[in-house]
Amino acid sequence: MHLEIEQLSHTFAGRPPRAALAELSFAVPSGQFTAVIGPSGCGKSTLLRLAAGLLPVQEGSLRLGGQTPAQAGAQRRVAWMAQSPALLPWRTVRDNVLLALRFLPAGHAARLSADEALARVGLSDSANAYPFMLSGGMQQRLALARTLMLDAGLWLMDEPFAALDELTRERLTHELLDLWQAQRPTVLWVTHHIQEALRLADRVVVLSPRPARLILDLPVDLPRPRPESSPAFQALLSRLRAALGLAAAPAEEGA
Amino acid sequence: MKPRAVWNPRDLLSAGVIVLTFFLLWELGVRLLDMPVYLLPAPSRVILTLFQNTSLYAQATALTLGEALVGLVLGLSAGFLLASVLVLRPGLEGGVMTLAILVKSTPMVAIAPLLTLWMGFGVLPKIVITALMTFFPVLVNILTGLQRTDPALLDLFRAWHASRWETFIFLRLPSSLPYLFAALKISAPLALIGAVVAEWTGASGGLGRTMWLAYTNLNLPYLFAAIFILAAVGMFLYQFLAWLEARAVFWQVPRQD
Ligand SMILES: Nc1ncnc2c1ncn2[C@@H]1O[C@H](COP(=O)(O)OP(=O)(O)OP(=O)(O)O)[C@@H](O)[C@H]1O
Ligand SMILES: [Mg+2]
């Protein structure tokens, strides 16, 4: 499902009004994995919430496969993963995953079964536990499983790896790319982790501080898997760091 | 609002010590000051009265507790249904809440004799008063609970295109459970008070009736025995609800390390 964002602006009402997006334009061809990077509070979550149909489009246009977000959402073509895990505390891990299927209209099936989805994120052992028994990273993996199992043409992911340690991140990166290559959905992947963006995405979109504008649109034409030590990876890394106003020195840590 | 483990040995011990000390001081005070029994009976005297009239008190307690519980269930059901309607049809909230506050602001002590006048000395006016008294805290608490659903979860349900009704059943209702228990813990003692006040204004039995008889005869040991029972029953109800809450709202139990 291709994505077209044209002159998209969004301002939150209030005193004073807060502008979150300013005339943002970019297009994502069908099946492309696009990482969105920008400073905290610049409007990344707002962009995803607009695409998920959770906020009304005020100005400009946002089209998902030629449809409005509401239309695409009603047909269950969009899977959105919130920045917080948003789990139902009174349901077990498995029941939390199963709940997502309950609201699918007749004729829509999930891509994975609940147990398969849990296995993909390494939560099989905790299927009968309750969310309050999970660590922050485990809760996030549960939310990830719940999103990935849906058979959607567009994945809107809001920092899904933020609470994960480097080891789990590495493992889930493989699982995720696996699923993505099998299904080829269009992905909008918000992250503040520059290396993660370069490891995963076909392209990295860098946004300015609030209100978000496009400041760099960087294609990543490297074959996966991408070793960070390769000169090509390092070259892209320094371009991203420069765009974000970070020191050019190669550093170990993320944003 | 985390439910604490109820009846744990340490709390039980400290509660026992405090209550016992209180009774001991009371007993000592009455004896040392040579307090006449028509002003303040010693607790030993009250407890003796209680044991000498067990069947009388058992009957009265059963009647009052029955009235209170039936009224509580009615008030609870009405408050719960109304809160649900207000959440599913938000436009009605202003009007209905005005009416509910009107009911709440009416002093029940003034209404009780009227109801007795209209409905007689039977259990019906007691149940009505109890239901009226418990209805409002239930309505307000459950309405708050149904409305204060985690916005992140509401977003999730919206992204899933769940209907209003599905969102109510699968999300709002379970998240309001802690508020339901808060309402019950306020309402249960109120129900007991409601039943007693209604009986006081005229009844053929019950603890309120017993108290009124004892009061008019200045038989204070009788009066205090009824008060002791009310206090004990109220405390038991509360502890029972807390116990139930810890099991029903299990996910609010603090994490153990
Ligand atoms: N409901 C709201 N009302 C008012 N302002 C809001 C609201 N939601 C977001 N904002 C503002 O819009 C801006 C963008 O918010 P958004 O959540 O999209 O940022 P973000 O890029 O996702 O940040 P982060 O990386 O910290 O998650 C912020 O400055 C925020 O204060
Ligand atoms: Mg965000």
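Start by selecting α1 of chain A, residues 44-51, in this predicted model; six of the eight residues of this helix are buried, so α1(A) is largely enclosed by the rest of the structure. To see which residues these are, colour A:K44, A:T46, A:L47, A:L48, A:L50 and A:A51, the buried residues of the helix. Beyond the helix comes A:G53, and if your viewer reports backbone angles you will find that its phi is positive, near 80°.

The shell has 13 residues in total, and the ones that come nearest to ligand 1 are A:S40, A:G41, A:K44, A:S45 and A:T46. Sorted by class, the residues around the ligand divide into three nonpolar, six polar and four charged.

From A:K44 the contact is made by a polar side-chain atom, which lies 2.7 Å from an oxygen atom of ligand 1. Taken alone, ligand 1 exposes 630 Å², and the protein buries 67% of that area.

Next, turn to the cavities, of which there are four with a volume of 30 Å³ or more. The largest cavity holds about 210 Å³ of space, and of the 19 residues that line it, A:V78, A:A79, A:L104, A:L150 and B:W160 are the closest to its centre. The largest share of the lining, four residues, comes from β5(A). By class, the lining of the largest cavity has 14 nonpolar, two polar and three charged residues.

The second largest cavity, with a volume of about 60 Å³, is lined by A:A51, A:A52, A:P69, A:G73, A:V78, A:W80, B:A159 and B:H161. Here the elements that give two or more residues to the lining are α2 (69-74) and β5 of chain A. This lining divides into six nonpolar, two polar and no charged residues.

Now select the second largest pocket, which contains about 340 Å³ of space. Of the 20 residues that line this pocket, A:L87, A:P89, A:W90, B:D150 and B:L153 lie nearest its centre. The elements that give two or more residues to the lining are α7 (151-159) and α9 (177-200) of chain B. The lining of the second largest pocket comprises 12 nonpolar, six polar and two charged residues.

For a last stop, centre the view on A:T191, in the loop between β7 (186-190) and α7 (194-200) of chain A. Is A:T191 buried or exposed? Its relative accessible area is 4%, and A:T191 is therefore buried. Show its side chain, and you will see that it reaches the backbone nitrogen of A:H193 at 2.9 Å; the side chain of A:T191 also makes a polar contact with the side chain of A:E196, at 3.2 Å.

Terms used. Residues numbered from 1 in each chain as written. Chains lettered and ligands numbered in written order. Predicted model: local features only at pLDDT ≥ 70, side-chain atom pairs only at ≥ 80, totals over all residues. Heavy atoms only, no water. 1 Å grid on protein atoms, 1.4 Å probe; cavity = no way out; pocket = protein on both sides within 12 Å on 5 of 7 lines; lining within 4 Å. Points joined across faces, edges and corners; volume = space filled by probe spheres on them. Nonpolar A, V, L, I, M, F, W, Y, C, P; charged D, E, K, R; others polar. Near = heavy atom within 4 Å. Polar contact = N/O pair within 3.5 Å; in protein donor to acceptor, adjacent residues only side chain to side chain. Areas by Shrake-Rupley, 256 points an atom, 1.4 Å probe, with all protein chains shown as cover. Buried < 20%, exposed > 50% of the residue type's maximum accessible area, 1.4 Å probe, protein only.
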